[in-house]
Amino acid sequence: MKNSILFILHLPPPIHGASMVGKYIQESKLINSSFDCYYINLATAGDLSDIGQFSLKKILKYAFLLKQIVHLVKSVHPDLVYITPNARGKAFYKDFIVAQILKGLGCKVLAHYHNKGVSNCQKKWLDNLLYIHFFKNLKVILLAEALYRDIAKYVKREDVYVCPNGIPELLKEEWRIRKNNKIPHLLFLSNLLISKGVWTLLDACYILKEKGYTFVCHFVGGETVEIDAVQFADEVEKRGLNNIVIYAGRKIGEEKEDFFCQADIFVFPTYYYNECFPLVILEAMAHKLPIISTDEGGILDIVRDGLEGLICEKKNPVSLADCIAKLLDDVELRATLGDAGYKKFYSEFTQQHFEHRITEILSQNLSLI
């Protein structure tokens, strides 16, 4: 007889890293054949702009969510409950209640973190008190070893599993041919947030232009309350980059794949507070692109400086420009880093690898019952 697991996780919409991984779990043949699985969508936001916003509709959805959880736990009596909680802020308070209800119902709980921020809030007396109760008798999955310091105050290392994300194998045979653009193409792919390094990259492009480099830089991603298309265009014009920087808007599916296939270098100078294990970097590696990024979150567990890409200083356009220039100057280095990233992706970061890792972790937790 199979063990039963209740998955309380984020599912799209909205589309972000945690919800996409939730979708991979829900659709996994391996996981669903290994256990009796039940799923509840933890998300109360309808789209990215709704995340973190307060509304009566979200309160009602949350109340229904709690009722649904209690009903399913009492009817199924799962051997394990898997949750994907938030680490800080109002979202954490919401997930804290979920976890305490589950513990009160006698459930064994396994928390899988796709975000961070506990260490930034632990000095607040209320948050500290809640974290103590939240992490008590809790096993935790992290995306990278580097992220353990975020929860080290509350969780022993032996109670932590490390499970890197994985994505489907995207690269088609015809896309494996090395590109030969006359003008190198840089690609930034993320929503337009300041902390994703948007202005840093624009400043780096300006530096490179002044040094005489020839290139094109595509920005692909949705507008946000921080940066919309008009504001972005204004900043491009201020730097005299109109013929160099192109904003393509949000792209999905084949349209997004086209930009990966056209690119020579993937640039992601993030310092986003919640950055842990960006799936977009895995996508770029799957397309044989050399990566330029930062040491934010668990990125160094994906990209090693000088091996799969280059690591620049956060918020430093000069450092970023130096990294880009190094790759613009050396076609062979671009190919070497891109090939190394491609090999690392296929050996560690495919969806198949992720499904086997998470299945093993779930089985280990069930064996402890």
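A residue counts as buried when its relative accessible area is under 20%, and as exposed when that area is over 50%. This report applies these terms to a predicted model.

## Aromatic residues

By the cut-off above, phenylalanine 134 is buried because its relative accessibility is 0%. Phenylalanine 135 is likewise buried, since its value is 4%. The structure holds 21 aromatic pairs. One of them joins phenylalanine 134 and phenylalanine 135 in an edge-to-face arrangement, with 5.1 Å from centre to centre and 90 degrees between the planes. Phenylalanine 266 and phenylalanine 268 also form an aromatic pair, and this one is stacked: the centres are 6.2 Å apart and the planes make 25 degrees. Both phenylalanine 266 and phenylalanine 268 are buried.

Phe134 and Phe135 belong to an aromatic cluster that also includes Phe92, Tyr93, Phe96, Tyr113, Tyr131 and Tyr154. Apart from its neighbours within four places in sequence, phenylalanine 135 is in contact with Lys103, Tyr113, Val118, Val140, Ile151, Tyr154 and Val155. The largest nonpolar core has 120 residues, and among these Phe135 and Phe266 touch the most other members.

Two tyrosine rings have a charged side chain over the face. Arginine 157 lies over tyrosine 148, at 5.9 Å from the ring centre, and lysine 288 lies over tyrosine 342, at 4.8 Å from the ring centre.

## The sheet from E1 to E6

Strands of a sheet pair through backbone hydrogen bonds, in either a parallel or an antiparallel sense. Six strands of the model make an open sheet with parallel pairing, in the order E2-E1-E3-E4-E5-E6. Strand E2 (36-41) and strand E6 (160-162) are at the edges; each has a single partner strand, so one side of each is left without a neighbour in the sheet. On average, and with direction ignored, neighbouring strands of this sheet are turned by 20 degrees against each other.

| Residue | Bridge partner |
|---|---|
| Leucine 6 | Valine 81 in E3 |
| Histidine 112 | Isoleucine 141 in E5 |
| Isoleucine 141 | Tyrosine 161 in E6 |

Strand E1 (residues 4-9) runs parallel to strand E3 (residues 80-83), and four bridges join them. Helix H1 (residues 17-26) packs on the sheet and touches E1, E2 and E3; the direction of H1 makes about 155 degrees with that of E1. The loop between E1 and H1 contains proline 13.

Strand E4 (residues 109-112) pairs with E5 in the parallel sense over three bridges. E5 in turn pairs with E6, again in the parallel sense and over three bridges.

In a regular strand, side chains alternate between the two faces of the sheet. Which residues cover the faces of strand E5 (residues 139-142)? Lys139 and Ile141 lie on one side, Val140 and Leu142 lie on the other, and all are buried. Val140 is also among the contacts of phenylalanine 135.

## The sheet from E7 to E12

An open sheet of six strands, with parallel pairing, has the order E9-E8-E7-E10-E11-E12. Its edge strands are E9 (245-249) and E12 (309-311), each of which pairs on one side only. Neighbouring strands here are turned by 20 degrees against each other on average, direction ignored.

Strand E11 (residues 291-293) and E12 pair in the parallel sense over three bridges, and isoleucine 292 stands opposite leucine 310 in E12. Helix H7 (residues 198-210) packs on this sheet, where H7 touches strand E7 (185-189), strand E8 (216-220), E9 and strand E10 (265-268). The direction of H7 makes about 170 degrees with that of E8.

## Backbone features

Most residues other than glycine have a negative phi, and most peptide bonds are trans. Against this background, some positions deserve mention. A cis peptide bond, with omega of about 0 degrees, joins proline 12 and proline 13.

Histidine 77, which is not a glycine, has a positive phi of about 55 degrees. Histidine 77 is placed in the loop between helix H3 (56-76) and E3. Is this residue buried or exposed? Histidine 77 counts as exposed because its relative accessibility is 57%.

Asparagine 137 likewise has a positive phi of about 55 degrees without being a glycine. The loop that holds asparagine 137 runs between helix H6 (125-135) and E5. Asparagine 137 is exposed, since its relative accessible area is 71%.

Notes. Residues are numbered from 1 along each chain as its sequence is written. This is a predicted model: local features need pLDDT of at least 70, side-chain atom pairs count only at pLDDT 80 or more; totals for chains, interfaces and linings use all residues. Side-chain values use heavy atoms; hydrogens and water are left out. Rings of Phe, Tyr and Trp (its six-membered ring) pair if their centres lie within 6.5 Å; planes under 30 degrees apart count as stacked, over 60 as edge-to-face and the rest as tilted. Buried means under 20% relative accessible area, exposed over 50%, partly exposed in between (1.4 Å probe, protein chains only). A charge sits over a ring if NZ of Lys or CZ of Arg is within 6 Å of the ring centre and within 35 degrees of the ring normal. Two strands pair if DSSP finds at least two bridges between them. Helices (H or I, at least four residues) and strands (E, at least two) are DSSP runs, numbered from the N terminus. Axes are lines fitted to C-alpha atoms, for helices over the stretch in contact, and angles run from 0 to 180 degrees between N-to-C directions. Contact means heavy atoms within 4.5 Å. A nonpolar core is a set of buried Ala, Val, Leu, Ile, Met, Phe, Trp, Tyr and Cys residues joined through side-chain atoms within 4.5 Å.
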